[in-house]
Amino acid sequence: MPCFLPRIQCVVASCVFAAATSLCAQFPSVLTAGYDNARTTTNNGELFLIPQTVGNGNFGKVGQYAVDGQVVAQPLYVPWAHIGKRFVNTLFVATMNNSVYAFNADQPGSAPLWQVNFGPPVPNYYAGTCPANYATGAQLGILGTPVIDPDLNALYVVSASPVPNQAAYLHTLHALDFRTGAPKHGKSMLIQASVPGTGSASVNGTVTMGQANMIQRPALLLSGGTVYVAMGGCGPDPSPYHGWVLGYNAGNITQQTAVYNSTPDGDEGGIWQAGRGLVGDSAGSVYFETGNGTSDNQLDFGDSLVKLSPSGVLQDWFTPSDVQNLNNLDLDLSTTSPLLTPDTNLLIGGGKQGVVYVTNAGAMGHSGGARQTFLATNSCTLSFSGCQKIHSMAYWRNLGPSQLYLWGTNDTLRAFTYTNGQFNTTPNSQSTATAGYPGGILTVTSVLGLPGTGIVWALTPGVLHAFSAINVANELWNSNQNSSRDALSGNFHFEQFTVVAGRVYVPDNQNHVVVYGLLR
């Protein structure tokens, strides 16, 4: 077939077309939210979706999959998964109706390869003010993105279920065989924990995780044979609650291996991160951001970036020097997850006020000692809950200078270049398009990090966009340009999407995963 792509892309593409069963045909897997445990939100293995192909009028909606509930979790992707008696490029979708689906990723609109349901979800306001409709919609089922272990053929997922005749609900961790949907070894695990402490809801020196005011929003993390689950408040912040990180043996999820509470002698400090996952590094350490809560730089770490050992022991932290003001004004840090740069080992965090904090992952600085701090969005009024800025970040390590991308609420998409050991605080490019709450949920794709092949994908309220990664002022395409063919019916805030193997898989608000790709 003729090749109209850049030369290096032609070589890779012709390899794929020449040998469908060869190793070169294997597209990247998407086994976890954000494409990797560093949560860079970047796929440098995208061969076909480049500025020349997406921006030439030959890209749009190619189909959709129907599911039984709202999709908030990021769809996952395993190429050539052994499903039944054949190998299938497989898309895994989890819904708020407590279902998990496996679909043939190459056949939008096809019936599921398998489907599993974990029972009724929790209706909104089932337990008083929890779960809150504005935080979870009409149902709370599977909210956090699952994670896949290809070595164990396992998919791990957390469901939520009401306790009959009680104002309470429970979360359960499941391990499924992703080839069949069957339980791995027939096991699941009720999520519960307690720690020593004198904080809110403590009894006789013990703090126990509440079952009527929590949600499991952050994506699951699989690191070093452990599945990590994080919890935060149900939405309207009904104290008492705490932030929790729990670890489970991936080979036997009935074994809890780590328990951490962010405010054992205080209150709140929930971990929600707009659905982005905990970060894991090569040494097994775990990083996350906490929301409003007690902060004393000893045991309680509200509004902080936190680093744990694999067993859940505090290793390091960063707390902004104005933490009390952040807490008083409801300016959470936990509106997004940290991001660990693969080239410089920097840990980047941010929050509601639009400020980016850059720390060294190996020495985070404790109280007020960030390596670099800068305002990465337009300014906002520092009043109670008056800022809702950063909910997504993407970091593109490419063959040119690395780039950090953000699109804040009521703001534009901005790109910041990393040079000479720090980020330039003036954007090297920014879009003209603006977006309301929660700004843009981002993904970057490219061919092997080649600058001319990079695209920044952004999901804003009801619209999917594609921008040139080297100049985000250049919008290549959006789903409203040909609305009769491509328009989204809407989307739930914080929902994640996936770009892989020449397709973009985007949940809408009508119980579908909409598929975009090359039209011919």
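**Entry 1**

I started at F374, which counts as buried at 5% relative accessibility. Buried here means under 20% relative accessible area. This is a predicted model, so I read every value as computed. Next I looked up F423, and at 1% relative accessibility it also counts as buried. I then checked the two rings against each other. F374 and F423 form a tilted aromatic pair, with 6.3 Å between centres and 40 degrees between the planes. F374 sits in strand 28 (residues 372-375) and F423 in strand 32 (residues 422-423), so the pair ties together parts 49 residues apart in sequence.

Which residues form one aromatic cluster with F374 and F423? I found Y395, F416 and Y418.

**Entry 1: the F92 and W114 pair**

I counted aromatic pairs in the structure and got 19. One of them is F92 with W114. This pair is tilted, at 6.1 Å centre to centre and 50 degrees between the planes. F92 belongs to strand 4 (residues 86-94) and W114 to strand 6 (residues 114-117), so their pairing links parts that are 22 residues apart in sequence.

Are these two residues buried or exposed? F92 has 3% relative accessibility, so it counts as buried. W114 is buried as well, with a relative accessible area of 8%.

Three bridges join strand 9 to strand 10 (residues 154-162), and the two run antiparallel. For D149, I found the bridge partner in strand 10 to be A154.

**Entry 2: S29**

Last, I looked up S29. It lies in the loop between helix 1 (7-18) and strand 1 (42-43). Its relative accessibility is 32%, so I logged S29 as partly exposed. The range for that label runs between the buried limit of 20% and the exposed limit of 50%.

What does S29 contact, leaving aside its neighbours within four places in sequence? I found Y77 and P79. I also checked S29 against D343, which is 314 residues apart from it along the chain. Their C-alpha atoms are separated by 21 Å.

Technical notes
Residues are numbered from 1 along each chain as its sequence is written. This is a predicted model: local features need pLDDT of at least 70, side-chain atom pairs count only at pLDDT 80 or more; totals for chains, interfaces and linings use all residues. Side-chain values use heavy atoms; hydrogens and water are left out. Helices (H or I, at least four residues) and strands (E, at least two) are DSSP runs, numbered from the N terminus. Buried means under 20% relative accessible area, exposed over 50%, partly exposed in between (1.4 Å probe, protein chains only). Contact means heavy atoms within 4.5 Å. Two strands pair if DSSP finds at least two bridges between them. Rings of Phe, Tyr and Trp (its six-membered ring) pair if their centres lie within 6.5 Å; planes under 30 degrees apart count as stacked, over 60 as edge-to-face and the rest as tilted.
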